Amino acid sequence: MKISITGDKVFKSTTILFAFFVFALVFLMAYEMVRGSELSLKQFGWKFLTGTVWDPVADEYGALPFIFGTLASSLLALVIALPLSIGVAVFLSELAPRWLERPVSFLVELLAAIPSIVYGLWGIFVLVPWLRNTVEPDLIKSFGYLPLFKGVPYGFGMLAAGIILAIMILPIISSISRDVLQAIPKSQREAALALGATKWETTKIVLGDGKSGLLGATLLGLGRAVGETMAVTMVIGNRSEISASLLDPGHSMASVIANEFAEATTDMYTSSLIEIALILFALTIILNVIARLIVWSMTKKFKTT
Amino acid sequence: MKNRDFKKHHWRKSINTIMTSLSILSVLIAVIPLFLIFFYTLAQGISALNIDFFLHMPKPVGENGGGMANALMGTAILIGLGCLFGLPISIFAGIYLAEYGNNAFGQTVRFFTDVLSGIPSIVVGVVAYILVVVPMKQFSALAGGVALGILMIPTATRTTEEMIKLVPHSYREAALAIGIPQWKATLRIILPTALKGITTGVLLAIARAAGETAPLLFTALGNRFWSTDIGHPMASLTVFIYDYAKAPFDDWNRQAWGAAFVLIVLIFIVNITFRFVTRGRYGDHQN
């Protein structure tokens, strides 16, 4: 009898050890990156975040153009993807009959399974030429007086990155939004319908109930967009400039790492790139933690009531 | 008065119709890129595929033809290494979460797997670079394997947990009732029962890792030659696509599409299998 109890203890401790490793891994990553970026942290301090010069030859590094590019492309993606995702989520949770819901959500999820590199390939050979030859000339012709649409139709640039990112984050926002909406009790809908509300009026109430959860889903989508690398690198144009125009090439934190890390020659260069990875890490962790907490508390609230 | 009520009713109904149509429209817009990308890749990729493509090595720069045999082999080795690092951690952590994880620590670990899944793969690549490439003073397949292993952990851990939880309680009770210690019941009864589900979950994690490019760029790097040495740079399907997509040769672009097609087909097969195997069980469990 005694032996079996020891066995249980050993087995349980082993599983705890591995579970703890998963937990510790996040801290290990943070620690390693802080250590790796020590050189540039010391040299540039907070100025690293506001510096606009990125000059490996002079060994001077400032990350602002990349931070700007990441935020701009991600927000653009959000502007495109959010309304569509909410529409998809409403369809899946409120409108679609069950036989249709399953295959449609599967198709949307399949979109998330396509690797970033394939999106990038499609971006280079299909999306970018289309933007360059069709969309951007028209945009310039009709809205060229706005700073947002000033410039030359390169194809490669913020707009292309925003569109690709929008396609890529749509599945995650819509599937989590769907889960959020489905977690809202049926009684809410029944009450509204019983009072004579139309389907849309009912949906409005459900959306209101799920507001915080939808915010969480949005933040998760934003987190995904911020860290997306290959597709963005292949279409954003890779020029470290801050421009107000959507048509101009830009750069992002992830894409500068992807482009330059393997070729970084000096220690300061590598260290600066690691610091960019650290910023990216911190940004995505913050977005994810806030988003997960919101989504968790939201679904829990409705589960217990 | 009555007329106004009627008008208002009409107005509300029209709004309802408009919003419903908008919702359906957004589904259509959302799904269009899936078909566009899939069929475009199919159309472009299929012409690049032939026996040479799978069995031959890349030709020197400027020559047409050749294949990606080294990249296929490289991806297989990298994934193997990833499994070696990632799966033991994921499976044991998943067992912990399912069997003992109903407490604050379990909740925390679950939360951290979610957070881990949100960390960009390029950041994981940087960490693998610091942990493996720097001490070894060389780009290597080993470093790429570590990166892929870390990336597999969230999916593999959570599916292992889910699948173990799906095993009926009566199995465990029956095992315990005849005096089998709990750990043996877990390893010999529960795990084999959940094995089918866990395997497909692991395949899903593998499929995702197979499509990763960013973490390989400065760990496994890439290699135009045949190599099975995990201490040295190694080719992979995804880095192959990246290099060939950027190249100014039509034939290389064509081969990039071919490789993308192979990748997409592999990933879709795994995803559809996962859907099929877990259909009903997994879905109903969630609802």
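Okay, let's start with one residue: A:Asp59 has 13 C-beta neighbours inside 10 Å, so A:Asp59 counts as partly exposed. You'll find A:Asp59 in the loop between strand S1 (54–55) and strand S2 (60–61) of chain A.

What is chain B built from? The secondary structure comes to 11 helices and 0 strands. Buried residues make up 48% of the 287 residues in chain B. Now the overall dimensions: the C-alpha atoms of chain B fill a box of roughly 80 × 70 × 35 Å along the principal axes. A compact globule of 287 residues would have a radius of gyration near 19 Å, whereas chain B has 24 Å. And if you take the contacts in chain B with a separation of 6 or more, 73% of them are between residues 24 or more positions apart.

Chain B is divided into domain 1 (1–46) and domain 2 (51–286). Those two domains touch through 6 residues from domain 1 of chain B and 5 residues from domain 2 of chain B. On the domain 1 side of that contact, there are 3 nonpolar, 3 polar and no charged residues. As for spacing, the C-alpha centres of domain 1 of chain B and domain 2 of chain B lie 37 Å apart.

Next, the two chains together. Their contact takes 66 residues from chain A and 69 residues from chain B. Which part of chain A gives the largest share of its side? That's helix H1 (residues 2–36) of chain A, with 19 residues. By class, the chain A side has 47 nonpolar, 14 polar and 5 charged residues.

Now for the core. The largest nonpolar core has 174 residues, and the members that touch the most others are A:Ala160, A:Ile164, A:Val235, A:Ile257, A:Ala277 and B:Ile241. Helix H7 (residues 158–183) of chain A supplies the largest share of this core, 17 residues. Both domain 1 (1–46) and domain 2 (51–286) of chain B put in at least three residues each. Let's look at B:Ile241 up close. Leaving aside residues up to four places away in sequence, B:Ile241 touches A:Ile117 and A:Leu121 in chain A, plus B:Ala256, B:Ala259 and B:Ala260 in chain B.

Last topic, confidence. The predictor gives the complex an ipTM of 0.92 and a pTM of 0.92. Chain B averages a pLDDT of 90, and 96% of the residues score at least 70. Where pLDDT is low, the predicted coordinates should not be read in detail.

Notes
Residues are numbered from 1 along each chain as its sequence is written. Chains are lettered from A and ligands numbered from 1 in the order in which they are written. This is a predicted model: local features need pLDDT of at least 70, side-chain atom pairs count only at pLDDT 80 or more; totals for chains, interfaces and linings use all residues. Domain bounds come from an automatic or database domain assignment. Two residues are in contact if their C-beta atoms, placed from the backbone, lie within 7 Å. Ala, Val, Leu, Ile, Met, Phe, Trp, Tyr, Cys and Pro count as nonpolar, Asp, Glu, Lys and Arg as charged, and the others, Gly among them, as polar. Helices (H or I, at least four residues) and strands (E, at least two) are DSSP runs, numbered from the N terminus. The radius of gyration is taken over C-alpha atoms; the globule rule is 2.2 Å times the number of residues to the power 0.38. A residue is buried if 20 or more other C-beta atoms lie within 10 Å of its own, exposed if 12 or fewer, and partly exposed in between; C-beta atoms are placed from the backbone. A nonpolar core is a set of buried Ala, Val, Leu, Ile, Met, Phe, Trp, Tyr and Cys residues joined through C-beta atoms within 7 Å. pLDDT is the predictor's confidence in each residue, from 0 to 100.
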